[in-house]
Amino acid sequence: MIDLVWLIPAFPLLGFLTLICLGRSVREPISGWLATTAMAGSFLSTLIVFIGMLLEENENRQTVFTLFDWIPAGDFKVEIGFLADPLSITMCLFITGVGTLIHLYSIGYMHGDLDFNRFFTYLNLFAFSMLMLVLGDNLLLTFLGWEGVGACSYLLISFWFSDPANATAGKKAFITNRVGDWGFMVAMFLIFFNFGSLQYLEIFDILGSNQIAETTTTFIVLMLFVGAVGKSAQFPLYLWLPDAMAGPTPVSALIHAATMVTSGVYLLIRVNPIMVEASAWSTGLIAWVGAGTALFAASIAVAQTDIKKVLAYSTVSQLGYMILAVGCGAYTAAIFHMITHAFFKALLFLGAGSVIHGMDGEQDLRRYGGLRSLMPITAGTFIIGWLAIAGVPPFSGFWSKDEILAFAWDKNPLLWLVGIITALLTAFYMTRQVILTFFGKPRYLDAGDDAGDDAGDDAGDDAGDVQPHESPWTMTLPLIALAFLSVVGGLIQLPFSSSTKRLEHWLEPATFHNETHLHLSSSTLWVLALLTLAAVAIGIGIGISTYLKEKIDRQIFEKPILNNAWHFDSTVSKVMGGPGFKAFEAVAKFDKRVIDGAVDGTGQIVKKTAFILRRSQNGLVRTYALGVGIGAVGLLIWFLSRTTI
Amino acid sequence: MIITTTWYLLLAAVLFSIGTTGLLVRRNPLIMFMCIELMLNAVNITFVSIGSHLNDLGGQLAVFFVLVVAAAEVVVGLALVVAIMRRRSRTNADDLKILGG
């Protein structure tokens, strides 16, 4: 049954091709259902492969399924092949599962949009690229998917491209990602140069038998990490993710929370045999970048007023946790958090989308309030998502975050400290968001009066006549399903005994026993868990007393510098727009003068020489005849001079 | 007086030189063709004379090939001359230099 792995990406590809051929000839809901069916088919095939894999023994769970040779070049060839192992199938399960739910949700969310068909075409193309990224059995195929998801991300961020701000956000995402892609490509060149192959399993074989210098592996890991920093929105390349919220909310949920942004983490885990060969400082750097990003983004999320921006910075922060786990060698914990995060963050984004939908496009938290009774399903599921991300047991987020924090403590208590402050902040800003949206008294009724002084108001219509309403079933059903998953998601990896660590055991064929093992006693683990709980409780407590009971002045937390993301974005823009731009212009000038000059100069020399030489071709037959005659005489003289005695 | 092979070769050389000079100095395409024929036949004489000198039939054989090629060349050449004559009143090889650089 594992042989059916090719069906997983085939379904979305088929959906994409069908939709692009049908174009505008189908009516609104049909294209959405077609796309959703394609995703559901993909999910079903993933389930079949998953069950087939469960029936196998643990060591037989890694198979390569080759479709055809893609690039044969002498001894070297790249195949279109799928690597079906527990890691890729786990990724596929939540990509197709969450993807199907988000497709279903989009049918309701995109209702009435003029480009309904185009949206689902892109969405299916994205799913296909993402599955190719995950399933590819070599780095080049992964790169193909990597670029594919990047392109789809661009297309979907600037989906409503008639607004220049959206188009700019799309470009920003694309260009920032190119920096990361550069790292990926350099890593790929290095791997090909040192290993002579791009296939994962071959690379790992060579790594096991040959001695590869530690500096080489370190450099490869660092370059792959640059790729991951770009794709998984880590500091300093996270800049594109908050802007990516310009896209439709289902896109934010699918691409910029659940799936695409985790591909950097996936890549690092996929190459874990190289990771363990790299020097310790490189993995330490990865852990610190992850922890730093987690804290940095969480602090920014505290003061955001846009409901989606809060979630965007929260995503950056949670991705920081995953990168931290990867840096600590806790691959299972990273995947575990990736899965639970996919559940609860998709839930939160879809909930936010439902709120935005119900509020006719209003995204400002300050214009919400008291929506709980008007949107009971959205509110209920959103609250479950809040408890999950904040880390309240027994919701899924608690288990995955706790495991990462334990590994962080084991590596370096300072990392743990950063992690636990982030956990506190996470609990705080999520509490703030939930209370501002669903609790308190409604603020959207009188919001029309001060709409004039808000420069950032792009809602267009007067907020005064908003009628908040619950969303249709296509939107609430995914919310309920994801809420259920957010509650029970932790069951796949419970820390109590080795038999409840199901995910760790399941991922063993892909992690090759490279995982770091905890050297902590169970009492230490209990203390750490209790400390995490305390931090979460403090965060939620401060949140409630500030925003619900209003005992603490909210201005203490909502500093302008936090709202402006520590001015990092604007500083980068300034540097890139001023001195950076000039530096690039100088480089461009160098390119034009020196590089192009050399190329053009060669052409000019040939041209000038030809201009002189062409005068000999005067078109007169007798001149040519004379040339032939002189040549013949010349040859005669030459022969005679050689033969005379 | 015995006419040796040298005489034939001298005759061929003289004919060849006349042909070459004619080709270079005349402007009329027809005359130029005749000059080329002269040069070809000069070569034919050398073939035959050296063939008989060495008692080898190959010399005479080569002449047949030269004749056939010469005939074909004249057919093409005359066709070109006719085509040119239709467009221009007079034929002067020096006027036909549109392919010049």
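Two strands are said to pair if DSSP finds at least two bridges between them. The model discussed here is a predicted one, and in its chain A that criterion can be applied to strand 1 and strand 2 (residues 76–84), which run antiparallel and are joined by nine bridges. Together, strand 1 and strand 2 of chain A form a hairpin with two residues between them, and in the turn Gly74(A) has a positive phi of about 65°. Within this pairing, Val64(A) stands opposite Leu83(A), a residue of strand 2 of chain A.

Is Ala228(A) buried or exposed? Because a residue is called buried if 20 or more other C-beta atoms lie within 10 Å of its own, Ala228(A), with 31 C-beta neighbours inside 10 Å, counts as buried. When its neighbours within four places in sequence are left aside, Ala228(A) is in contact with Gly264(A), Val265(A), Leu267(A) and Leu268(A). Leu324(A) is 96 residues from Ala228(A) in sequence, and the two are 12 Å apart in space, C-alpha to C-alpha.

Gln304(A), by comparison, lies in a loop of chain A, between helix 13 (280–301) and helix 14 (307–327). This glutamine is also a buried residue, because 23 other C-beta atoms are found within 10 Å for Gln304(A). Apart from its neighbours within four places in sequence, Gln304(A) is in contact with Lys309(A), Val310(A), Tyr313(A) and Asn563(A). Between the C-alpha atoms of Gln304(A) and Leu365(A), which are 61 residues apart along the chain, the separation is 8.6 Å.

On the scale of the whole chain, chain A is divided into domain 1, made of 279–446 + 468–561, and domain 2, made of 598–643. The C-alpha centres of domain 1 of chain A and domain 2 of chain A lie 80 Å apart.

What remains is the contact between the chains, to which chain A gives 11 residues and chain B gives 10 residues. On the side of chain B that touches chain A, the residues divide into five nonpolar, three polar and two charged.

How values were computed: Residues numbered from 1 in each chain as written. Chains lettered and ligands numbered in written order. Predicted model: local features only at pLDDT ≥ 70, side-chain atom pairs only at ≥ 80, totals over all residues. Contact = placed C-beta atoms within 7 Å. Nonpolar A, V, L, I, M, F, W, Y, C, P; charged D, E, K, R; others polar. Helix = DSSP H or I, 4+ residues; strand = E, 2+ residues; numbered from the N terminus. Buried ≥ 20, exposed ≤ 12 C-beta atoms within 10 Å, placed from the backbone. Domains from an automatic or database assignment.
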